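Could you walk me through this protein model in a friendly way?

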Amino acid sequence: MVLLALLAAGKPVSAEQVLLRHKFFPPRDLVYDFWVSATATVSGSALAGAGQQQKQSGQQIVQQTVNGRLAARIESVDSHGNGTLTFKLGRLGMETTAKGQSTHMTLDPARGIIQANGQIIALGELQQVLCWIQTCKLTISPRGKVLIVPAPVTAPTPTLRRVPLPLLSAVHHWQRLLEAIPPWLPEQPVRVGDKWGMNIGIPTRGGSAGQPAHIGVHYTLERIGEIDGDRIARIAFQGAVAYSDVSIPVPRGATQRTPAGSIQLIIGQHLAGQLYFNLDNGQLHSARGDGTVTVQLQRSQRQQSQASPPPVPGLHARLSIHFEVFPGKG
């Protein structure tokens with residue numbers, strides 16, 4: 001809500017042609033606070049308990065809010081205007097409500113540990129990703145292309161049991177994604193109403209090289225105005241990510257070693273909102289948006305052709321997200 005009040009204070013200026021470019025002035029800290037709210041609706045036979053055997057599916061609704069802070073420090077800039085930045089993710093606060101009960105959680109990025117109701121849970125892949133964020137340096141071009149991505153580092157192994165997160169993906173997948181994304185700012189100067197975008201394919205973990213995740217993002221310069229005396233470009237964006245070739249093996253049971261087959265994981269993501277880009281200092285000022293993520297499990301075509309395929313729990317999940325990013329204070 002702080003962001004909405006801030007944007008309402010913006011003053012329009014004449015439509016002009018602008019060259020959208022990042023500007024790096026070291027040493028300087030860019031600090032952003034963020035707030036995310038999400039509602040997940042999960043349904044399917046996988047949720048049906050013993051008392052629901054006559055029902056086709058169960059359903060659960062989970063609501064969550066997350067708030068935190070991300071700081072980026074501009075360490076240096078070269079003769080071509082490329083900036084090298086380091087990052088620090090602050091402690092995250094999370095509130096989760098399910099079945100009428102609320103749980104407050106905190107996440108320590110330095111150790112990749114979540115604490116909920118006095119208990120500590122170590123998440124293996126999450127720990128690796130967060131450790132990488134805290135230690136990496138990215139070199140970014142004036143058009144927003146990540147030029148140099150550091151190699152993954154090995155996080156300290158926690159003494160607690162590590163829990164894998166299949167949908168989070170490993171650090172080297174995040175590294176490969178950053179390397180593949182083209183510059184997000186347009187090559188030529190733009191006026192209000194101009195559009196640009198990108199479409200790329202990223203191989204997914206568990207998927208084949210011929211069926212990558214398809215990512216499409218499209219931008220529109222909607223307005224040029226002012227916030228707190230700075231010239232701000234409001235850029236609308238719409239993005240989508242589709243995964244359709246991620247397979248998960250289905251075990252036969254404790255007494256049989258070979259898998260019973262596999263089920264296909266289908267994921268779709270859609271996101272839309274506005275980015276507020278500071279034309280004077282050449283950095284993101286703030287952002288807001290809404291998105292949906294859908295996840296579906298279904299038996300693979302090969303398994304469907306079997307005469308007596310083993311039962312596979314059905315699952316369909318929909319996650320609705322709203323986020324706001326605004327200048328950090330204090």
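Here is a briefing that goes from the whole chain to single residues.

This is a predicted model, in which local features need pLDDT of at least 70 and side-chain atom pairs count only at pLDDT 80 or more, while totals for chains, interfaces and linings use all residues. Residues are numbered from 1 along each chain as its sequence is written, and side-chain values use heavy atoms, with hydrogens and water left out.

**The whole protein**

- The protein has four helices and 16 strands; helices (H or I, at least four residues) and strands (E, at least two) are DSSP runs, numbered from the N terminus.
- Of the 330 residues, 40% are buried, where buried means under 20% relative accessible area, exposed means over 50%, and partly exposed lies in between (1.4 Å probe, protein chains only).
- Take the contacts (heavy atoms within 4.5 Å) between residues at least 6 apart in sequence: 65% of them join residues at least 24 apart.

**How confident is the prediction?**

- The mean pLDDT is 78, and 66% of the residues reach 70 or more; pLDDT is the predictor's confidence in each residue, from 0 to 100.
- Residues 1-11 have pLDDT below 50, and this stretch has 25 contacts in the model beyond near neighbours in sequence.
- Over residues 155-168 pLDDT also stays under 50, and here the model has 28 contacts beyond four places in sequence.

**Aromatic rings**

- Three aromatic pairs are present; rings of Phe, Tyr and Trp (its six-membered ring) pair if their centres lie within 6.5 Å, and planes under 30 degrees apart count as stacked, over 60 as edge-to-face and the rest as tilted.
- Trp184 and Tyr219 form a tilted pair, because their ring centres are 5.5 Å apart and their planes meet at 55°.
- This pair links distant parts of the chain, 35 residues apart: Trp184 sits in the loop between helix H3 (171-180) and strand S11 (195-202), and Tyr219 in strand S12 (residues 213-227).
- Trp196 and Tyr219 have ring centres 5.7 Å apart and planes at 20°, so this pair is stacked.
- Through ring pairs, Trp184, Trp196, Tyr219 and Phe277 are joined into a cluster.

**Nonpolar cores**

- In soluble globular proteins, nonpolar side chains tend to be buried together.
- A nonpolar core is a set of buried Ala, Val, Leu, Ile, Met, Phe, Trp, Tyr and Cys residues joined through side-chain atoms within 4.5 Å.
- The largest core has 47 residues, of which Leu20, Tyr219, Leu221 and Ile235 touch the most other members.
- Strand S12 supplies the largest share of this core, with five residues.
- Leaving aside neighbours within four places in sequence, the contacts of Ile235 include Leu20, Trp184, Trp196, Tyr219 and Phe277.
- A second, separate core has five residues, among them Leu265, Val293, Val295 and Ala317.

- Val190 belongs to the loop between H3 and S11 and is buried, with a relative accessible area of 7%.
- Val190 and Leu20 are 170 residues apart in sequence, yet their C-alpha atoms are 7.9 Å apart in space.
- Beyond four places in sequence, Val190 touches Glu16, Gln17, Val18, Leu20, Trp196 and Leu221.

**Details in the loops**

- The peptide bond from Pro26 to Pro27 is cis, with omega near -15°, and Pro27 is in the loop between strand S1 (11-12) and strand S2 (28-44).
- Lys99 has a positive phi, near 55°, in a residue other than glycine; Lys99 lies in the loop between strand S5 (92-98) and strand S6 (101-108) and is exposed, with a relative accessible area of 73%.
- Asp228 is not glycine either, and its phi is positive, near 55°; Asp228 is in the loop between S12 and strand S13 (230-253) and is exposed at 65% relative accessible area.
- Asn281 is in the loop between strand S14 (256-278) and strand S15 (283-299), and beyond its neighbours within four places in sequence it is in contact with Lys23, Phe25 and Arg28.
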